[in-house]
Amino acid sequence: MLKHPASKYRPFPPVNLADRQWPNRTITQPPIWMSTDLRDGNQSLFEPMNAERKMRMFHMLCEIGFKEIEVAFPSASETDFNFVRGLIEGGHIPEDVTIEVLTQAREHLIRRTMESLKGARRAIVHVYNPISKPFRETVFRMSKAEVVDMAVSAVKLVRQLADQQPETQWVLEYSPETFTAAELDFSLEICDAVTEAWGATPDNKVILNLPTTVELATPNVYADQIEWMHRQLARRDSVILSLHTHNDRGTAVASAELGLMAGADRVEGCLFGNGERTGNVDIVTLAMNLYTQGIDPGLDFSDIDAVARTVEYCNQLPIHPRHPYVGDLVFTAFSGSHQDAIKKGFAVQQSDALWSVPYLPVDPKDVGRNYDSVIRVNSQSGKGGIAYLLETEYGIVMPRRLQVEFSGVVQKHADSHGGEISAAEIWQLFSATYLDTVAPVRYREHHLFEHGAAQGIRLNVDIGGISHLLTGEGNGPIDAAVHALQSAGIYVQVRSYEERSMGASGEAGDARACAFMEIADAEGSTGCYGVGMDANIVTASIKALVSGTNRIGVTLPKTGAIAWDGASAVA
Ligand code: KIV
Ligand code: ZN
């Protein structure tokens, strides 16, 4: 229950568009992108960008591939005015990039705006005025006709001033601000009047930008509004229909996507959704959403972290760790079942095949991330993530039942220590659990020998701190070593054995072979794993036997009960 009954609010009325077409459409090509990071984004900052930050952002936007960039609100501040001058006079604007500036539909502001653009090769002049009922009736106390006249007069003035600066190729953009809250037929009336006043033609189109200045309804309502306008505009062939969505309800991306399906050609927004209040639509998310549908967005986010760091520097705002496609945690799985599925997905994903790794909607490498952080371990994690980290960081490919056993060790550690566990910590736990098992039996060395058809072994081990040389025979080295231990009264059974080669990586040092042995006690009632590593595979397997023997908790036979190979027992 909130502070006041929900009757304080009312549902947004639907659009009367029974034959809407957009639900059956799909997006097949990227829109014309327009970055408003330097205007709408900049206006929303605690501390608007200084000239250096603005310039840095501008250059990055050009590198990403934006061809239209709203660089300033020149009549609003000296910084913005001077920035536009600096861009033009400093020759910073690439040939294929058009700068755009915003102005209210007021004479003195338009004059100042046009002045800022002197000498530009090409420029978009973006004129706006609020048109919805609360603005008409409460804020400005204007009739509909007066609001239309305000827009038309502004456009005519831009036309007149533009004609005085013929060295520039002029484009007009008009935004009926608060479009989503306005009557549709009134939006249409004013947009058609502006198109007419500008003298737009198919070769000299006007940009009509229809903003969700404040997001008020579900995205389907916006799509209906856009489709309605798209179908009703008097000179649609002379119009570039543009979207400018804000995120008050958290659906700016959905609104823009449905708006494109509804017939729009262009989208304005900011990187990572900066902008007034809850932000403008996030162009990165929109572009990456297209990319993951097989459409090249025409914007380069192949080093998304570099873009993110520059945006954070310029805006002086952090990007949330869960922000789509870029957040520090978005390619990370902590949950055990997710890790397991991702690990299996990676194992079968071919580099040239369609991407289909579970839980990862995009290949992290496509945005310049690596796979290092994909699987991270905390108390929520399972065996899959642990196994993945040991495999990728240390070259240890554990058998499945060992994964289950070892995840219990890691889980216990996580529960008692809290927080995330790094790959290095997992390796330390693994070593301490399986490799550094020093009591009661410690492997020293062995020698194999042939005895008829049998395999013989002389096994030098410490038992209870005293070195012994044991002898055993069997049908192979492991069997012989088991019998050698039996000769000392230590009875274990080998349930399963696997060996894997591994790279010499990290702290695993020179070890090339890793042996995993599942050991049971003499009765076969309890079992656990032993692990051995060595450059020599037989040595690795005997170490695994000794490791498992120690871990299963053999009780040392009483002194004198050990059937020593007496002559060779070494004190
Ligand atoms: O959100 C909005 O309506 C605007 C206009 C100036 C386009 O930013
Ligand atoms: Zn806006």
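Predicted model: local features only at pLDDT ≥ 70, side-chain atom pairs only at ≥ 80, totals over all residues.
User: Which residues are around ligand 1?

Analyst: They are Arg-39, Asp-40, His-126, Tyr-128, Ser-175, Glu-177, Asn-209, Pro-211, Thr-213, His-244 and His-246. A residue is near a molecule if one of its heavy atoms lies within 4 Å of it.

User: How does that shell split by class?

Analyst: The shell has two nonpolar, six polar and three charged residues. Here Ala, Val, Leu, Ile, Met, Phe, Trp, Tyr, Cys and Pro count as nonpolar, Asp, Glu, Lys and Arg as charged, and the others, Gly among them, as polar.

User: Which helices and strands each supply at least two residues of it?

Analyst: Those are α1 (37-43), β4 (122-130), β5 (169-177) and β6 (206-212). Helices (H or I, at least four residues) and strands (E, at least two) are DSSP runs, numbered from the N terminus.

User: What does an oxygen of ligand 1 have 3.1 Å away in the side chain of Arg-39?

Analyst: An N or O atom of that Arg-39 side chain. The side chain of Asp-40 also has an N or O atom 3.1 Å from an oxygen of ligand 1, and a 3.1 Å distance is found for the side chain of His-244 too. Taken alone, ligand 1 exposes 260 Å², and the protein buries 95% of that. Accessible areas come from the Shrake-Rupley method with a 1.4 Å probe; for residues, only the protein chains shown count as cover.

User: Changing topic, how many salt bridges are there?

Analyst: The structure holds 28 salt bridges, each being a side-chain nitrogen of Lys or Arg within 4 Å of a carboxyl oxygen of Asp or Glu. In one of them, Arg-39 meets Glu-70 at 3.0 Å, N to O. This pair links distant parts of the chain, with Glu-70 in strand β2 (residues 68-72) and Arg-39 in helix α1, 31 residues apart.

User: Is Arg-39 buried or exposed?

Analyst: Arg-39 counts as buried because its relative accessibility is 8%. Glu-70 is buried as well, at 0%. Buried means under 20% relative accessible area, exposed over 50%, and partly exposed in between (1.4 Å probe, protein chains only).

User: What does Glu-68 form with Arg-266?

Analyst: A salt bridge, with the closest N and O atoms 2.8 Å apart. Glu-68 lies in strand β2 and Arg-266 in strand β8 (residues 266-269), 198 residues apart, which links distant parts of the chain. Salt bridges that share partners join Glu-68, Glu-100, Glu-173, Arg-266 and Glu-268 into one network. Glu-68 is buried at 13% relative accessibility, and Arg-266 at 0%.

User: How many disulfides are there?

Analyst: The count is zero, where a disulfide is a pair of cysteine sulfur atoms within 2.5 Å. Cys-514 is in no disulfide, and the nearest cysteine sulfur, that of Cys-528, is 15 Å away.

User: Why does Cys-514 count as buried?

Analyst: Because its relative accessible area is 1%. Cys-191 is buried too, at 0% relative accessibility.

Note on methods:
Residues numbered from 1 in each chain as written. Chains lettered and ligands numbered in written order. Heavy atoms only, no water. Polar contact = N/O pair within 3.5 Å; in protein donor to acceptor, adjacent residues only side chain to side chain.
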